[in-house]
Amino acid sequence: MDQESRIADLEARVAALEERLANRVAPASPTPRPKPPDRLREAGARLVAFLTGDGALARLGMLLFLAGILFLVRYGIERGWINELVRVALAVVAGGVLLALAGRLRERRMLAHVLAGGGVGAWYVAVFSAHVFYGMIGLIPALVLATAVSGVCLALSLVGGAGALASVAFGAATAAPFVLSGGEGSLVALTVYLAAVMVTAGIVYRSRGWVLTHALLAAGMTVALALAAGELRPEHTLAVRSTVTGAILVFFGVFGVLPMMWCDERRWAHAITTLQAIGVPLLTLGLLMIALDLSRLPVGWLALAGAAGYSAVSIREGRNLLFRAGPLSAAALLASVGSLALLDGESFGPLLILAAVLHVVHARYPAEAAGWVARLLVLVGSVGMALQLLDGTSIWWQGVVFDGLGIIALPAVASATAEAGRHYAIAWVLGLLYLNAVFGALGDYLDIGPVLATIAWALLAVTLLATGFRLRERIVRLAGISTVGLVVGKLLFFDLEQMDAVWRILLFLGIGAALLGASYLFPDFWEEDLEESPVAEQP
């Protein structure tokens, strides 16, 4: 009975084991990581597709056709067959024929768009020629006709879903008053007209979401508003200045705020919209400077106010990647401009502080724009500070405080990122220049020469060595020993001839004793840390 029970128990165990083996799930094979796309190859493929793909023959044919018409008209003019009125009429008829063909060939979408663009272009040429070359119509009728042609082009783009035609319409509408007026006319009428064009562009963007068209118009409108603001003179009334300022604020709303509220999720469109969110606030600030003739302090406070507003928007809408990248980067750049303006360009430390903060944000959130802006701020801030410290003519207490905070903040806050080594190196170089400039100026004031600067370098060397061993950071130890070499070189080649005998003796004895103490405290400088050295396994 005992034997039978043991057999039964063994069979039960075997069955349980078989069931476990049957239910066992094989470990999933690791999923291969997708290969990152080749951006350069993609851009080349798009260019080739544009030159050889759908619509390429139509674009080339339209260019050749229009060139042929121009040569025909020129030939007729040379022969005396065509007078001014006939020339304008031919351009109008050619535009009408091309537009009619575009309407008949609606099913051939790309060809219809090219024909429509050629027709609208012929009408623009007719209006321009009638006013500028021949004087057949005045400025106001010419502007009305050019606006009407732009309206036709915009309507065709909306009906056919062609963003390229919309770009032509808005571009021509923006350039028309400058091309037709020749620098004459009412500044108020011009800015009101530009504001109307921008509002129309905002409505079209909201309904169709044509990102590239919107961005191109933003660039063109920046030039147009800069030209308009540049025409302001001290004798202009408050109403004229207010109108120009209002147009600039409309520019900010249409091209700076609207794209962030409704953005395209495609990668390239998202990148363009982010760049708009970063660039438009800076462009708006520049336009306001031109229009209102602002001095340094108002510009600084206005930029800081804009930075605070963008920071609040970024924090509130942090769930959206665009609101983390665009407004946050715009806030950093505005804060940089504001700090440089308020400090009169005497300190670049705030740029390094902002760069450190952006590096931390970029490490925590996938906001790629924040990382690029941080690198830009590090580049500009470090180069500007280095040149300023080498010059040595701007040592004042505010600059000393902000420069010191910037040098400390960059490696301390951004060391958690993948670019910690670069930050350590930049901070080390700037720290040496900072100590030399500050304590060198203090030594000159006390009439004791470069003694204090050399002492400061020696203390920095000991501090770096101690910190490197304490934190087990090899790069900090390398900076420390490199500083020791610089201290010795500074003593031997630069300081000997500029010191009194007493200071020379004390300085050599003190630094020599400090280096001997450092060699006693840190005997294994070139040895690897225990955690980093491989440990052989015992058999």
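How many residues does helix α14 have, and how far does α14 reach from its first C-alpha to its last? Helix α14 (residues 349–364) has 16 residues and reaches 23 Å, close to the 22 Å expected at 1.5 Å a residue; the expected span is 1.5 Å times one less than the number of residues. Helices here are DSSP runs (H or I, at least four residues), numbered from the N terminus.

Bear in mind that this is a predicted model, where local features need pLDDT of at least 70, side-chain atom pairs count only at pLDDT 80 or more, and totals for chains, interfaces and linings use all residues. Residues are numbered from 1 along each chain as its sequence is written, and side-chain values use heavy atoms, with hydrogens and water left out.

Back in α14, the buried residues include Leu351, Leu352, His359 and Val361; buried means under 20% relative accessible area (1.4 Å probe, protein chains only).

Now for the packing. Helix α8 (residues 187–208) packs on helix α10 (residues 238–261) at about 15 degrees, with the axes 9 Å apart. Axes are lines fitted to C-alpha atoms over the stretch in contact, and angles run from 0 to 180 degrees between N-to-C directions.

On another contact, helix α7 (residues 163–181) packs with α8 at about 180 degrees, the axes being 10 Å apart. So α7 is roughly antiparallel to α8.

Conventions:
Helices (H or I, at least four residues) and strands (E, at least two) are DSSP runs, numbered from the N terminus. Buried means under 20% relative accessible area, exposed over 50%, partly exposed in between (1.4 Å probe, protein chains only). Angles under 35 degrees count as roughly parallel, over 145 as roughly antiparallel, 65 to 115 as roughly perpendicular and the rest as oblique.
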